[in-house]
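This briefing is intended for a reader who works with the coordinates directly.

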Amino acid sequence: MKNFVSAAIQFEAEPMNVKVNLQKAYHLIGNCKRETGASLVVLPESFTTGFTPIGNAESLWEVVDSIPGSLTDEAVRWAHEFDTYICFPTYERGKERAVIYNSAAIVGPEGMIGVYRKTHPSLLKDCRREVGQLRGRILLWFRRR
């Protein structure tokens, strides 16, 4: 088994301010990689908007993106620049307006690897659970790209 360094980054996200939160994450990943050499960096849950965003599911849908999409494209650029893997947790825009998923993309220098969607109820009343969930259980899955 190969040894590697992983790191978790924690910071206070500015609610609904995706641009500022992305800038914070980028600088912290760079510092982390320089100081630790981490091969895997894990960002805070829903860091792009904050875990408890301001507004409703429709306003959240406006500021996030699908996966893959512009936010995860940015994460792939960071992974390539810093030669590291990144767990990129963000609310994900569904295909229908105001449908939101609490997701985490896994990206690396080679690109998008997969995505995990939580399957339990969210703090947002309007969020949809993933179809096919097992009642009372968390169903973990990755979509290969």
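Two strands are taken to pair if DSSP finds at least two bridges between them; helices (H or I, at least four residues) and strands (E, at least two) are DSSP runs, numbered from the N terminus. The model is a predicted one, in which local features need pLDDT of at least 70 and side-chain atom pairs count only at pLDDT 80 or more, while totals for chains, interfaces and linings use all residues. Residues are numbered from 1 along each chain as its sequence is written, and side-chain values use heavy atoms, with hydrogens and water left out.

**Strands and hairpins**

- Strand β4 (residues 100-108) is joined to strand β5 (residues 111-117) by six bridges, and the two run antiparallel.
- The hairpin that joins β4 to β5 passes through two residues.
- β3 pairs with β4 in the antiparallel sense over eight bridges; Phe88 stands opposite Ala105 in β4, and the bridge partner of Pro89 in β4 is Ala104.
- Six residues lie between β3 and β4 in their hairpin, and Ala98 in the turn has a positive phi of about 75°.
- On β2, the pairing with β3 is parallel and covers three bridges; Val42 stands opposite Cys87 in β3.
- Burial (under 20% relative accessible area with a 1.4 Å probe, protein chains only; exposed is over 50%, and partly exposed in between) applies to seven of the nine residues of β3, so this strand is largely enclosed by the rest of the structure.
- β4 is mostly covered, with eight of its nine residues buried.

**Helix α1**

- Helix α1 (residues 18-36) has 19 residues and should span 27 Å at 1.5 Å a residue; its end C-alpha atoms are 26 Å apart, which agrees. The expected span is 1.5 Å times one less than the number of residues.
- The buried residues in α1 are Val18, Asn21, Leu22, Ala25, Ile29, Gly30 and Cys32.
- These buried residues pack, by contact (heavy atoms within 4.5 Å), against β1 (6-8), β2 (40-42), α2 (57-63), α3 (70-82) and β3 (85-93).

**Thr84**

- Thr84 lies in the loop between α3 and β3, and its relative accessibility of 0% means that Thr84 counts as buried.
- A polar contact (a pair of N or O atoms within 3.5 Å; within protein, one must be able to donate a hydrogen and the other to accept it, and residues adjacent in sequence count only if both atoms are side-chain atoms) takes the side chain of Thr84 to the backbone oxygen of Ser39 at 3.0 Å.
- Leaving aside residues up to four places away in sequence, Thr84 touches several residues, among them Lys33, Leu40, Ala79 and Val107.

**Aromatic rings**

- The structure holds five aromatic pairs, where rings of Phe, Tyr and Trp (its six-membered ring) pair if their centres lie within 6.5 Å, with planes under 30 degrees apart stacked, over 60 edge-to-face and the rest tilted.
- The pair of Phe47 and Phe88 is edge-to-face, because the ring centres are 5.0 Å apart and the planes stand at 85°.
- Phe47 lies in the loop between β2 and α2 and Phe88 in strand β3, so the pair ties together parts that are 41 residues apart in sequence.
- Phe47 is buried at a relative accessible area of 1%, and Phe88 counts as buried at 0%.
- Ring pairs link Phe11, Tyr26, Phe47, Trp78, Phe82 and Phe88 into a cluster.
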